[in-house]
Amino acid sequence: MVGLDLVTVSIFAALTVLCLAILIGLRRQSALAWLVTALACGTLQTLTMVFTRGTAVELLLASILVPAAYLCFGQAVRIVSGQQHQHWRLLATVGGLVVASLVLLAFDAPFIVQTAPFQLAAALALGDSVIRLYRANNRGVLDILLMLNLVAVALIFVVRIPLLVVMFDASTEYLTARTSGVERTLLTFSALLTPPAVFLLLAKLISRVIGTYRTRSEHDGLTGLLNRRAIDEAAAVIEPQGGAVIFCDLDHFKLINDLYGHRVGDDVICAFADLLRRTGTRAARIGGEEFALLLPHKSVAEAQEVAEMIRTRFNDVVHPALGPSHRPSASFGVAPYGPGACAADAFNLADAALYRAKALGRNRVVIFAEEPAHEQPTAQAA
């Protein structure tokens, strides 16, 4: 049994060092900090099992460290699963059970009675993690595996309480029960299940971090729309049915910045981006006040309707900082791309149509045509 405890200590210590190294590398990862704390509690508790075997010190530290480890683990699960709210009643219940276990230890209660509260506290903490994983949005394979793992660990604590009551009487010494075959089996299962739970949570956390960095690399920081690199990659996909693209640019945007300041200018950009987002198409901010939309499987006429809708609604935007007579406007260029082509082929054409819209007086939608004389603006300048 001592050999198993030493192996468990070694595994917990190694995992603690590993997670701490990752925490130092990633920084500002509160979930990882909670996981490191949980592993530190587990390592310390297992060390006490080795060096204070069967004594009151082991019971004292186990009463505190076991629930604390699973509570910290639960906090990591809470953050990784994207849930901000705390279950304060659960935390208070776990804390009360730990205090009850310590009081029973102080009054020299039989170990069967004394250990029941903190084991129940650990099971409740694990149950909270299971519930959070079950309720998480976009639950994946890692969530399901981790949830099943934690259910198994929680069952060990739940089963241990009645088993000890059935197998031992109140006069049984703790060390006797501690070295029994049933207890060794339960501890072995617990030691085998805990490292996979840590690895699963660590994998989920790293996956979350990678996803965050990917999102930041593909999206504009101000508007949340795709950035130029991301829209270029999306536009490079061959569409068997063809489609259309829209390029748009805010009119006289420098004047807004000069008259009202960059904060108001940012508000105007975000208002325009929100209109693009509501269209349900892939939209990107490709420059300071320049934007692009991809409309695969859409005709030029449908793209024109989308652009005209955006133009009209944006022209109706009222910002409290803008003058009463200052209504923002935007110009639009629409271009098609044929079946078997990619949207990137139409980018230059849409840009040329946008340039034409600017030349014709702004605040209008222009469809690309081979001959400029054939281009008919869809709206007159406001």
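## A glutamine in a helix

Gln119 lies in helix α5, which spans residues 111–135; helices here are DSSP runs of H or I with at least four residues, numbered from the N terminus. Gln119 counts as buried because its relative accessibility is 3%, where buried means under 20% relative accessible area with a 1.4 Å probe and protein chains only. Setting aside neighbours within four places in sequence, Gln119 is in contact with Phe157, Arg160, Ile161 and Leu164, contact meaning heavy atoms within 4.5 Å.

## How the model is read

This is a predicted model, in which local features need pLDDT of at least 70 and side-chain atom pairs count only at pLDDT 80 or more, while totals for chains, interfaces and linings use all residues. Residues are numbered from 1 along each chain as its sequence is written, and side-chain values use heavy atoms, with hydrogens and water left out.

## The largest nonpolar core

A nonpolar core is a set of buried Ala, Val, Leu, Ile, Met, Phe, Trp, Tyr and Cys residues joined through side-chain atoms within 4.5 Å. The largest one has 38 residues, and those touching the most other members are Leu35, Tyr70, Phe73, Leu146, Leu150, Phe157 and Leu201. Two or more residues come from each of α1 (2–26), α2 (30–51), α3, α5, α6 (141–167) and α8, and α3 gives the most, with 9 residues.

Tyr70, not counting residues up to four places away in sequence, touches Ala122, Ala125, Leu126, Val153, Phe157, Ser190 and Thr194. Apart from this core lies another, of 28 residues, among them Leu225, Ile246, Phe253 and Val365.

Conventions: Buried < 20%, exposed > 50% of the residue type's maximum accessible area, 1.4 Å probe, protein only.
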